[in-house]
Amino acid sequence: QLQMYIDLCSISNISVFILSDAAYGYYIHGRAVHGHADADMREIVTSLKREEENLCSKRGLGSDSEQQTFDMVIPMLLRMNYNRIIAPISNRDISQRNNQRSEVEKHFFFFFFFFFFFFFF
């Protein structure tokens, strides 16, 4: 199931940075080996077939690497700067945020609920 999520990140050309602790986390290198992610289904299927037949580079961080997931340790200075930047967002009153949730947030929540329900249940 995790590999399916990693594949989705690759096809979508999205990398993910997850901090599970103050200075420790994970990086998913989501790189579309076909150069772009905005494609119709026919183009995606064609691209996946090219990848299956080794007619393009690999998904990993290097052109010959398949490794897409990494454990990482970040410097505390980076974490302190991250906390400084994110503080105004995380310190908002939760009830105020819930009452003022925009339509975009509602659709975003629905999309991820559907995605995780579809792939994990």
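In which sense do β2 and strand β3 pair, and over how many bridges? Select residues 69-73 together with β2 (24-28): β2 and β3 pair in the antiparallel sense over 5 bridges, where strands are DSSP runs (E, at least two residues) numbered from the N terminus and two strands pair if DSSP finds at least two bridges between them.

This is a predicted model, in which local features need pLDDT of at least 70 and side-chain atom pairs count only at pLDDT 80 or more, while totals for chains, interfaces and linings use all residues. Residues are numbered from 1 along each chain as its sequence is written, and side-chain values use heavy atoms, with hydrogens and water left out.

Now move to His29, in the loop between β2 and α2 (41-52), a helix being a DSSP run (H or I) of at least four residues. His29 is buried, with a relative accessible area of 10% (buried means under 20%, exposed over 50%, partly exposed in between, with a 1.4 Å probe and protein chains only). Display the side chains of His29 and Tyr27, which are joined by a polar contact of 2.9 Å (a pair of N or O atoms within 3.5 Å, where within protein one must be able to donate a hydrogen and the other to accept it, and residues adjacent in sequence count only if both atoms are side-chain atoms).
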